[in-house]
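I opened a new page for this one and wanted to see how its pieces sit against each other. Notes follow in the order I looked things up.

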Amino acid sequence: MFNIIAKFLQEKSTQSDASLVFQNDSFAVRQMNAEDLVGRFCSHLGLSPQMSSAAEFIAGRTREAGILASRSPTTIAAAVVYITAQILGRSLLPSRKTGVSDGTIKTSYKLLYAKKEDLVDPYWIESGSVYFDKIPKA
């Protein structure tokens, strides 16, 4: 029975979204982080690859700065997608596709908004891709 379960888990671990990893006849559970979820959320929302890439960049900066460290990965990812859309001039609220309430997203958004200049790539500002003056104030 163990061998059947091990084979099943090994097959499941090869799937791209697997959170269970099979290595050297042992199992390791990998916790999802916000950066993993951002790409998924962007895909579910039908956002462009450029928007998804920007959101992943901002998620990384958010993690490095520890801005939303006490929040769940799902909340962080939803808030990052929201602020990315705002910064890049697109209006959307990802609550329906992410399972995170509007209020929770907006509370986290306030923390991200306070550090918005630190979250973006300076090149985005130079190239005129960022719309800080048009995003909603927290």
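**Entry 1: a term I need.** Before looking at how helices pass each other, I wrote down what handedness means here: a crossing is left-handed if the near helix is turned anticlockwise from the far one by less than a right angle, and right-handed if clockwise. I also noted that this is a predicted model.

**Entry 2: α3 against α4.** With that term in hand, I looked up how α3 passes α4, and the crossing is right-handed. Helix α3 covers residues 49-65 and helix α4 covers residues 73-87. Their axes come within 9 Å and cross at roughly 120°. Angles of 65 to 115 degrees would count as roughly perpendicular and those over 145 as roughly antiparallel. The pair α3 and α4 is therefore oblique.

Who makes the contact? On the α3 side I listed Met51, Ala54, Ala55, Ile58, Ala59 and Thr62. On the α4 side I listed Ile76, Val80, Ile83, Thr84, Ala85 and Ile87. Sorted by class, the contact of α3 with α4 has 10 nonpolar and 2 polar residues, and no charged ones.

**Entry 3: Thr62.** I picked out Thr62, which is found in helix α3. Is Thr62 buried or exposed? Thr62 has a relative accessible area of 2%, so I put it down as buried. I then looked for its contacts, leaving aside neighbours within four places in sequence. Thr62 is in contact with Ile67, Leu68, Ile76, Val80, Leu112 and Leu119.

**Entry 4: α2 against α3.** Next I turned to the other pair that involves α3. Here α2 and α3 pack at an angle of about 155°, with their axes 9 Å apart. That makes α2 roughly antiparallel to α3. The crossing of α2 past α3 is right-handed.

From α2, the residues in contact are Glu35, Val38, Gly39 and Cys42. They meet Ser52, Ala55, Glu56, Ala59, Gly60 and Arg63 in α3. By class I have 4 nonpolar, 3 polar and 3 charged residues for the contact of α2 with α3.

I stopped at Gly39, which lies in helix α2. Not counting residues up to four places away in sequence, Gly39 touches Ser52 and Glu56. I also checked Gly39 against Met51: they are 12 residues apart in sequence, and their C-alpha atoms are 9.5 Å apart in space.

**Entry 5: salt bridges.** Side chains of opposite charge can pair when their charged atoms come close. How many salt bridges does the structure hold? I found 2.

One of them joins the side chains of Glu35 and Arg63, at 2.5 Å from N to O. Glu35 lies in helix α2 (residues 34-44) and Arg63 in helix α3, so this pair ties together parts that are 28 residues apart in sequence. Glu35 has 26% relative accessibility, so it counts as partly exposed.

In the other, the side chains of Lys116 and Glu117 meet at 3.4 Å, N to O. Lys116 counts as buried at 10% relative accessibility, whereas Glu117 is partly exposed at 44%.

**Entry 6: α4 against α6.** I went back to α4 for its other partner. The axes of α4 and helix α6 (residues 102-114) come within 9 Å and cross at roughly 65°. I noted this crossing as right-handed. From α4, the contact uses Thr75, Ala78, Ala79, Val80, Tyr82, Ile83 and Gln86. From α6, I have Thr104, Ile105, Lys106, Ser108, Tyr109, Leu112 and Tyr113. These residues divide into 9 nonpolar, 4 polar and 1 charged.

**Entry 7: Ala77.** Staying in helix α4, I looked up Ala77. Ala77 is buried, with a relative accessible area of 0%. Leaving aside neighbours within four places in sequence, Ala77 is in contact with Ala34, Leu37, Val38 and Phe41. Ala77 and Thr98 are 21 residues apart in sequence, and 8.6 Å lies between their C-alpha atoms.

**Entry 8: the whole protein.** Last, I stepped back. The secondary structure comes to 8 helices and 2 strands. From the N terminus on, the elements run α-β-β-α-α-α-α-α-α-α. Of the 138 residues, 37% count as buried. Among contacts between residues at least 6 apart in sequence, 60% join residues at least 24 apart.

Methods
Residues are numbered from 1 along each chain as its sequence is written. This is a predicted model: local features need pLDDT of at least 70, side-chain atom pairs count only at pLDDT 80 or more; totals for chains, interfaces and linings use all residues. Side-chain values use heavy atoms; hydrogens and water are left out. Axes are lines fitted to C-alpha atoms, for helices over the stretch in contact, and angles run from 0 to 180 degrees between N-to-C directions. Helices (H or I, at least four residues) and strands (E, at least two) are DSSP runs, numbered from the N terminus. Angles under 35 degrees count as roughly parallel, over 145 as roughly antiparallel, 65 to 115 as roughly perpendicular and the rest as oblique. Contact means heavy atoms within 4.5 Å. Ala, Val, Leu, Ile, Met, Phe, Trp, Tyr, Cys and Pro count as nonpolar, Asp, Glu, Lys and Arg as charged, and the others, Gly among them, as polar. A salt bridge is a side-chain nitrogen of Lys or Arg within 4 Å of a carboxyl oxygen of Asp or Glu. Buried means under 20% relative accessible area, exposed over 50%, partly exposed in between (1.4 Å probe, protein chains only).
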